[in-house]
Amino acid sequence: MRQNRTAWFFLSPSLIILFIVGLVPFFYILYVGFFDWNAFSLQKGMHYAGLENYRRLVFDQPFINSLLLTFRFAVYAILVQLVIGYVLANLLATDFPGKWFFRVIHTIPLMVAPLAVGATWRLLTIPGFGPVPFYLDRWFDFEYSISANASQAFWTTVIMDVWHWTPFVTLTMLAGLTALPREPLEQALVDGANRLQVFWYVKVPLLRPIILSTVFIRLMDALRTVDEVWMLTGGGPAAATRYTGLYIWRIVFPKTDYGYGSAMSLLTLYFTILISWLLYTAIGQQRRGER
Amino acid sequence: MKKLITLVVLLAVVSGFGLTANAQDDNWWATAAAPYAGVTLHGVSESTPPSNYAADVLAPQFEALTGIKVELEPTSWDQMYDKAIKDMEAGSGIYDFVYIEQDIVFSYLAQDYLVDLTQALVDHPELAAPDFNFDDFTTFIDDFKNAEGHVFGVPMEAFVKIYLYRTDLFGDPEIQAAFEAEYGYPLAPAATHQQHEDIAKFFTEYGEENDLDLWGTTVQAASGHSSSFYEFFESIAPTFGVYNWGINEENWKATVENGGQMNSDAAKEALAWWVSLLQYAPPESTASTWDEVAATFAAGRAAQGWVYGENTAWIASDPDRSQVVGQVGVAIPPLAEGVMEAAEAGTGYVGYYDGGAFGIPHSSKNIEATLLWLQFIGQPSVQPEWAAAGSRIVHDATFDDPLVVEMDAQTNGYYTLLQEQGYLFKGAPAHPFHAQVRSVVEPFIWQAIVGEITAAEALDQAAAAADEEMARLGYGQ
C-alpha cells in the first residue's frame, strides 16, 4: 500500500501536466462545442445551442469534402511512404559504399520543421518563379501550376509529405528488418521459395506489427496535417488541398466561430480515434495470433 | 561689417532658440516617460513598408528618448489578425498595441476592444505630448473615430490602391505606333475596362514576340488567400459601380432579390472580366497576394495593374529592389460609365483607400507608456521620412515637405494624386462582421479563379452564403 502511494507521488507531476495540457483543453472544447459563440456576432458571448453545431456539421458539405480529401491524402501518402520506406530499409540493411553518408542525408527531412518544409516547397514550386515549374516547362513543355491546377496541387502535397516522412518509415522498417529472426527466412529458401514468395509469405507477416504501428503513427499525423500544407498552398487552389485541419483553422481563427469549430474538432478527433482503434485492434489480433 | 555681425548674432539667437526648443521637446519626453523607463511595449503589425519603418527606425528613436523599449512584431497579414484578435478576445494582455487595418476597425469598435485615445489623453494631461494633435491628420483619421468623434487609433499608414503602368513601355514611339495600328486609338493609361484588356492583350503578345518575361497586367488572384477577395470587392467591383461588397447596409442583405448587389449583373460582369485577365497575367498571379503583386510589377513582369500604393515609392525609386526605377506612372484605375460621377458626388468610389492605425487594446498592461509611443509616431517631425520610405501620408502638412515633393517627382505624381484625388477612393465598408462574411464568400471567388464555376455561379452562391452568415450573426434578420 505504501509502495503504491510512493508510485503515485512520483507519477503525480506527469499526471498533473497531462491533466492541464491534455484533459482541460479537451473538456473545454467539448463544452464550447455545445455553444453558439462567434466573437463578432451581434449577440455577444456564448449562447447554449445544444447539438445544433453537430447538426450543422452533418450538412456542411465543404467539411465532409475536407474529411474525405484528408482521408484520401493520408491513404496515398502512407502507401507511397510504406513502399519507398521498405525499399530504402532493405537497402540500408545491406552494406554499400557511402552508406553512412546516404543514411544521414536521407534522415535530414525528419529534422526540418513542417513550416520550413512547406516554405521550401513553396519556393520550389511557386508558379512563375520556382525552379520546378520552370524546368518542367523548359524541358518537357509541361505546364505545372499548384495555384491553378487542383490535381497538381493535391499531388504536390502528397509528394511533399512523402519527402518529409519517408525517412521515419524507413527507420522503423529498418528496425523491424534487423530484428527479424533468420530461421524462417532460411527455411523458406531451403524449401524452394523464391524472393517474392519469401517477401510476401514470410517477411510481410513477420513485419506486420511494425507496418501497422508505423501506419498508426503516420495516419494520426496525416489526419492532422496543417502547417506544411498551409505554407505551400494555403488550402488552395479553391478547396483542392483544404484538409480538415486547415478547414477547422479557417472556421476557428479568421471566422472566429469558436463553437462550431470546437464541434468540428471533436468530430475529427472522434474519426481519428475510430480509425486508430481499428488499427490498434488489428495489431492486437496479430499479437494474439502469434501467441 | 555691422550688418554681418548683426546677421551672425541673429542666426545664433535663432539657432539657439531652435536648439532650446529641441532640448525642451526632448526633456518633455524624458520627463513624461520617466515613470515608465525600462518598460517594454509589445506590438503586432502586418509586415508592410511603413510598419517595418516603425519597427526599425522609430522604435529605437523612441527608446533613446524615453527609455521605453518597443518590440514591434511585423508578421503576415493572417498571423497579425490571429494574434491580435485572440489576445484581445481572451484579454491576455500580450500586446500593448495592435495594428488596426481600416477595414477591421468597425468590428473592433463593435466589440469594444480598444482604448478611447481621446479620453485617455483627457484623463492623463501629463501624458499629452506638446507636438501631437489629432487635427494634424488627414481625414483618414475619421475612420478610427466612433460616433462621438473620439479617436481609437493613431493612423500610421494611408495610401490608395492605384493603377500603375510602365512609362517606358507606354512612352515608346514604336510600341505606341504598333498599338494604335492594332486597336485604332493611342496607347495611354487605361481609362475603361476595354482599354485595360486591350493593353493587357497587346503587351502579353509583345512579350511573347520579343521573348520577354512581360505580361499585360497584374492580377492579385491568389486562389486560396483572402487577398483575391479584397482585390475583387474593394478594387475591381467598385470600378463597375458595385460598392460595399454589394451588401445593402440598410437591411444587411447581399442577394439581389433581397436588395443587395453582390450577385447583380454588374458584379457578375466585373468578376468575369477580372478572371478573364488571368490569361494576360504572369503565371504567378494565381498565387499572388498583395506583396507578390508589387514584386511582380517591380520585377518588370507586368505592363500595368492595380498595386497597393504603399509600394509605389520603393518600386519607383529603389534600385536594390526594383527593376523599373524611374519607369513607373500612376493613374486613376479604369472605370465603367458613371462611376467617376458617382465618386465625385460622394455616392460611389473609384477604388480602395487603405491604411491602418495603431491602437491600444483594453487588455494592454502598459496603457500609459503606449499612449506616449502612439503620440511619438503621430508627431509631425517623424512624418516626412516615413512618408518617403513607405509611400504613406497621414498628416496634411506632409504633402508639402521637400522630401515628399522629391519622391512625388520620382513616382510621377503618386503623392499629388493621393492629395488631390484621394477623396475619390474609399476605405472598406463599415461592416461589423468583416472577416466572417469574407470567410464565407471568398471560397466562391477562388473557385471562379480556377475555373471550377463561372463568375455568375460564384456570385450567386456567394451572395446566398453571405445572407445566411449575416443572419446567423444576427444582422438582417
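**Chain B**

Chain B contains 19 helices and 7 strands, where helices (H or I, at least four residues) and strands (E, at least two) are DSSP runs numbered from the N terminus. The model is predicted: local features need pLDDT of at least 70 and side-chain atom pairs count only at pLDDT 80 or more, while totals for chains, interfaces and linings use all residues. Residues are numbered from 1 along each chain as its sequence is written, chains are lettered from A and ligands numbered from 1 in the order in which they are written, and side-chain values use heavy atoms, with hydrogens and water left out.

The C-alpha trace of chain B spans about 70 × 65 × 40 Å along its principal axes. Of the 477 residues in chain B, 58% are buried, meaning under 20% relative accessible area with a 1.4 Å probe and protein chains only.

Among contacts in chain B with a separation of 6 or more, 75% join residues 24 or more positions apart; contact means heavy atoms within 4.5 Å.

The domain assignment of chain B, from an automatic or database source, gives domain 1 (37–157 + 354–422) and domain 2 (160–352 + 426–472). The centres of domain 1 and domain 2 of chain B, taken over C-alpha atoms, are separated by 28 Å. Between them, 28 residues of domain 1 of chain B are in contact with 32 residues of domain 2 of chain B.

Methods:
Buried < 20%, exposed > 50% of the residue type's maximum accessible area, 1.4 Å probe, protein only.
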